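Subject: Structure handover

Hello,

Here is the structure I promised to pass on. Please open it first, then read my notes below.

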Amino acid sequence: MKMKPYEHPAALYPYREWSLDEDYYQDEYNQRSESVFALGNGYIGMRGNFEEGYHGLAGTAVAGNYLNGFFDSEPIVYPEGAYGYPGRNQAMLNVTDARIIKLSVEGHAFHLNSGTVHRYARRLDMKSGILHREVEWESPAGHRVLLKIRRMVALQHKHLAAIEYRVTALNFDGTLKLDSAMDGEIARPEASGDPRLGAGRTESSLLLEDTGDEGAGGFLWMKQRTRHTGFALVTAMGHELQAESGREMSRERTGKRVSVCYAAAVRSGESVTLSKYITYHTSKDYDEAELLSRSASVLDMAGNAVLPGWPLNSRPTWIFSGAIRM
């Protein structure tokens, strides 16, 4: 019997030195790409979800943000009990999502499943640990923009993550709106009929206690507590917007979602850049009374150290040094 010669399957991602690359976007591969483009530093773990959210095929996205050692415990409810089944579980929690940045171009919301995507690329630089995304997008009304987005999770400062979001108007004068948010409403897993897994939880494990904003800038925070273990979590975000032709800013709170909204005038060829810094602090690591002040201190340090030297295509000296992918 003659065997067919072996044919090597096509690479899932192009073979390139020191980088993991995605040269086009397809819904069917989205969940896999969310996993391989995840970032982490041993404390914070972030799946490779898009800042604008996912608008493709149902069931092909799992948003996830995790903190090492931060968990809740609760009783396991079985459809049918049996000797030896554990009575309680301990699960690492999917925590507040603070990566959210929604862009609107002259009233049209940007996402990959609307308008026309003329160019798309995503690259994880394995030396610096920085995740890059570049998209040239045309709205349904014909307004064309170029997006250059960078995301990282700091190794030297375990509580800190950062996103740089630059939008360039290519063929129009108008208004760009950027809505930067954190959302404490976490999607719950569906109930299962498998008695080994127990019933799906119907109650949120993170209870909202308070939200606030400090000063004239875009510093917002949210305090939550685990339902059963009683751990406190403070998620905070700080912002800096660079716009050449003026801007307006407002804040919003809806349920468990808080956001800062920018409207920036732009002329053809001009860019608007939003730098966003994210921190997570919990009472497992620090006294609960210190969480908010520690968050403010880290955000202040990040903004002062990074902004003067964080243009695209350069590498800041301290915040990116040693950043790693998880």
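Two strands count as paired if DSSP finds at least two bridges between them. Keep that in mind for the sheet. Also note that this is a predicted model.

**The sheet**

Five strands form an open sheet. Their order is E7-E6-E12-E17-E16, and the pairing is antiparallel. Which strands stand at the edges? They are E7 and strand E16 (247-254). Each has a single partner strand, so one side of each is left without a neighbour in the sheet. As background, strands of a sheet pair through backbone hydrogen bonds, either parallel or antiparallel.

Now the pairs, one by one. E12 and strand E17 (residues 257-266) are joined antiparallel by ten bridges. Within this part of the sheet, Asp179 sits opposite Cys261 in E17. E6 and E12 also run antiparallel, with seven bridges between them. Here Ile100 has Ala181 in E12 as its bridge partner. E6 and E7 are antiparallel too, over two bridges. Ser104 has its bridge partner in E7, namely Ala109.

Is E6 mostly covered or uncovered? E6 is mostly covered, with eight of its nine residues buried. Buried here means under 20% relative accessible area.

**Two positive phi angles**

Look next at the hairpin of E6 and E7. There are two residues between the strands. One to check is Glu106, in the loop between strand E6 (97-105) and strand E7 (108-109). Its phi is near 50°, a positive value in a residue other than glycine. Glu106 counts as partly exposed because its relative accessibility is 34%, and that class lies between the 20% and 50% cut-offs.

Trp18 is another residue to check. Where is Trp18 placed? It lies in the segment before strand E1 (19-22). Phi of Trp18 is near 60°, again positive in a residue that is not glycine. With a relative accessibility of 48%, Trp18 counts as partly exposed.

**A loop residue and its contacts**

Ile186 belongs to the loop between strand E12 (174-183) and strand E13 (206-214). Which residues does Ile186 touch, leaving aside those up to four places away in sequence? They are Asn94, Val95 and Thr96. Ile186 and Asn65 are 121 residues apart in sequence. In space, their C-alpha atoms are 9.9 Å apart.

**The cavity**

How many cavities of 30 Å³ or more does the count give? The count comes to one. The largest cavity has a volume of about 80 Å³. Strand E9 (130-138) and strand E10 (144-153) are the elements that give two or more residues to its lining.

To find the largest cavity in the viewer, select these lining residues:

- Gly48, Asn49, Phe50 and Glu51
- Arg122
- Leu131, His132 and Arg133
- Ile149, Arg150 and Arg151

What is the make-up of the lining of the largest cavity? The lining holds three nonpolar, three polar and five charged residues.

**Where to start**

I would begin with the sheet order, E7-E6-E12-E17-E16. Then go to Glu106 in the loop between E6 and E7. Finish at the lining of the largest cavity, with Arg122 among its residues.

Best wishes

Key
Residues numbered from 1 in each chain as written. Predicted model: local features only at pLDDT ≥ 70, side-chain atom pairs only at ≥ 80, totals over all residues. Heavy atoms only, no water. Helix = DSSP H or I, 4+ residues; strand = E, 2+ residues; numbered from the N terminus. Buried < 20%, exposed > 50% of the residue type's maximum accessible area, 1.4 Å probe, protein only. Contact = heavy atoms within 4.5 Å. 1 Å grid on protein atoms, 1.4 Å probe; cavity = no way out; pocket = protein on both sides within 12 Å on 5 of 7 lines; lining within 4 Å. Points joined across faces, edges and corners; volume = space filled by probe spheres on them. Nonpolar A, V, L, I, M, F, W, Y, C, P; charged D, E, K, R; others polar.
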